[in-house]
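Visitor: I'd like to learn how to read helix packing and pockets in a model. Could you walk me through it?

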Amino acid sequence: MLASWAVPKGPTLDPRVRRAAFHVEDHPLEYFDFEGVIPAGGYGGGDVIVWDEGTWEPDEAGDPPDPGRAVRDGQLHLDIYGHKLRGRFVLVRTSTGADGKEQWLLLHKHDDQAVDGWDPEQHPRSVLSGRTNDEVKADPDRMWRSGMPADQASVDLKPGGASGAEGKADRGDDATRGEAANAKAAPPAKPRAAVASKAVASKGKTAVASKGAKAVASKGKAAVRPEREVPSGPSTEELGQLDALGPGGTWDIWGRELQVTNLDKVLFPARPGSEPVTKRAFLRYAAQIAPVALPYLAHRALNMHRFPSGADAKGFWHKELPGHAPEWVPRWENPEATRGERRTYLVVDEPAALVWAANFGALEWHAWTSRTDHPHLPSYALIDLDPGDSTSWADLLVLARLHRTALEHLGVLGQPKLTGRRGIQIWIPISPGPAFAETREWAEKLSRVIGAVTPNLVSWKWQVSERGGLARLDYTQNALNKTLVAPYSPRPAPGAPVSAPIEWDELDDPDLVPDRFTITSVLARIQEKGDLFAPVLSGDQRLPPFDAGAR
C-alpha cells in the first residue's frame, strides 16, 4: 500500500512557507501512475494527474532508519528527488482529532534546493503526460472506480486501450510538449537506497501530496496527484454548449464533435405531474452517465433498440453499425457472421460513442454479455424475473427474495437491478471459462428449485399466451447474442425510467417499484450511493455445483 497525505495548497520549495497536510487513507500500488477521472460519489472523485514523481529516503530516522516509527512518533525528515520537488522536507504531526484523523505540517528546509517564492500553481502539468487537470478532465483516457479491487479499478475509456500517461506528451502546442519533455527528464540520482516501512510506504518509497491531492508511491517512485473534488462527467462548459444549441448543431463532448439533431423533440412522454423528456435532456443524460455505464458496455457488441419517433411509437432493433457512422466510432467486425447476418457492431469503448448512439435514436442499450475478444465466453450468469400479466409486484419481490436467500446459501455473489419496466434481473459475475451452455444450465437449476417452492407463481412455458399470467424465471438469456438491458439504460416509457441497480436490502423497501428511478433522479442516487452494480465487474467467481451447498 501507498502511504498518503493530502496537501490542499500544494507542496513548495519555499522554506518560509508551511503547508497544512492531512494524513489520509493508504492507496493501492495500482493507483501510482493513474491519470484520468474518478466518478463523482467515489473516494477522491474528480480529475487526476501525476503532478510529480521521483524517489526519497528518510533522514534522522535512526540507524538503521525506521521511517515507520518516525511517522508514528509524529516527525519524518526525508530527502526527495523528484522532477519538481527536491531537497530536504519535514512532515510534523500537529494534532490528532477525536475521529483519529491526523493533521500535519509539511515544510522545506533551508538547503541548496530551496527556492524563495516557489509556487506549485506555476507548474500545473503532469510529469507523465504533460497535461493539466483541465485537459485530462476534458479528454480522459482512464477512469478509476473506487470500491473495486485495485487490479480492476482502472478502466480504459479510449479505443485500443490507451493507458493515459505514455504517448500523451505530444498533445497540444509546442509549449506543452516542451514542458512535458522537461518534466520527463530523470530526477537526480540517489546514491543510497531507502528503507521499507509499512507505516510509510511500499518497499521504502513514498510521496507527499499536492494541491487537493493524495500522495502515493510504488517501487522506488513518488507521485503527487492534484485531484479536484468536481464531478467527473462532462464539464459545465460542455453541458452549457448543449443547452445553448438551437434545434441542432455541433456539440463538442468527451473530446469528439457530434452533429446532434432534433434537440427539442419529445422522446419520452411525461409522467403525471412532470414534464416530458426531450432529446436534449436524453443526450445530456447519456453524456453524464457514460463514465459510470462504460465498464458494462466496453469491449462488447451493442444491440441498439431505436425509437427515432419517441418512446410512445413502435421501436425496432438496430444491430448493424450504419455506414454513415463517424470513423472514430468504435466497432467490431464479427468474424463468425454468415451471409445475411449483422457483421459490424457498435462497441462503446469511449463515452462519446454512447452519446452518438443516443443521438442515433437508441433509447435502450443492450450490450452482449460476452466480450468481443471471447464472444463464446460469458462474463455473467443471468436470471431474468419476467412477470406475467397476473404477477403482482409483491409476487415478484417474493421471487427476488428467494433468489437472494439461495445465492447467500450457495455463497455466490449476485447483484440485482430493476428493469425499469416491470421486472427484476440478477447478474452473477463469473471467472472466464464456462460457456453459455454451462451458465444456462446452472441458472436453470437455481430457477427450478425456486419455482418448486412457489409453483403458484411460476410457469415454465415458453409462449407468453401459455403461461396463464404467471411469471417466468428466464434462464434462456444465457446465450450468445442474447442480451438484457444494460445497467443505467433508459427504457421507452413515460418519464424515461432507467434500469437501476439496487441493494439487496432494498427488496424490503415498501416504496420500491420497478420504474422508480429515471434519467432525472438516478444521477443523484449514484452521487449518494455510488455504482451499486460494480461488484459484477469482479469476474473472479466460480459457480459451485448446485448441490454443493454453502461454501
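**Helices, then pockets**

Guide: Here, the axes of helix 6 and helix 7 (residues 351–359) come within 8 Å of each other and cross at roughly 140°. In general, two packed helices are described by the angle between their axes and the distance between the axes. Axes are lines fitted to C-alpha atoms, for helices over the stretch in contact, and angles run from 0 to 180 degrees between N-to-C directions. Helices (H or I, at least four residues) and strands (E, at least two) are DSSP runs, numbered from the N terminus. This is a predicted model: local features need pLDDT of at least 70, side-chain atom pairs count only at pLDDT 80 or more, and totals for chains, interfaces and linings use all residues. Residues are numbered from 1 along each chain as its sequence is written, and side-chain values use heavy atoms, with hydrogens and water left out.

Visitor: How are helix 6 and helix 7 oriented to each other?

Guide: Angles under 35 degrees count as roughly parallel, over 145 as roughly antiparallel, 65 to 115 as roughly perpendicular and the rest as oblique. Helix 6 and helix 7 are therefore oblique to each other.

Visitor: Which residues make the contact?

Guide: Contact means heavy atoms within 4.5 Å. On helix 6 they include F282, L283 and A286, and on helix 7 they include L354 and V355. By class, this contact has 12 nonpolar residues, 1 polar and 1 charged. Ala, Val, Leu, Ile, Met, Phe, Trp, Tyr, Cys and Pro count as nonpolar, Asp, Glu, Lys and Arg as charged, and the others, Gly among them, as polar.

Visitor: And what about helix 6 with helix 10?

Guide: The axes of helix 6 (residues 279–297) and helix 10 (residues 522–529) come within 11 Å, crossing at roughly 30°. That makes the two helices roughly parallel. Y285 and I289 of helix 6 are among the residues in contact, as are V522 and L523 of helix 10.

Visitor: Now pockets: how much space lies in the largest pocket?

Guide: On a 1 Å grid over the protein atoms alone, a pocket is an open set of points where a 1.4 Å probe fits, with protein on both sides within 12 Å along at least five of seven lines; lining residues have an atom within 4 Å of a point. Grid points are joined across faces, edges and corners, and a volume is the space filled by probe spheres set on the points. For the largest pocket that comes to about 750 Å³. Of its 31 lining residues, D384, D386, D474, Q477 and R491 are the closest to the centre. The lining has 8 nonpolar, 11 polar and 12 charged residues, and strand 22 gives the largest share, 3 residues.
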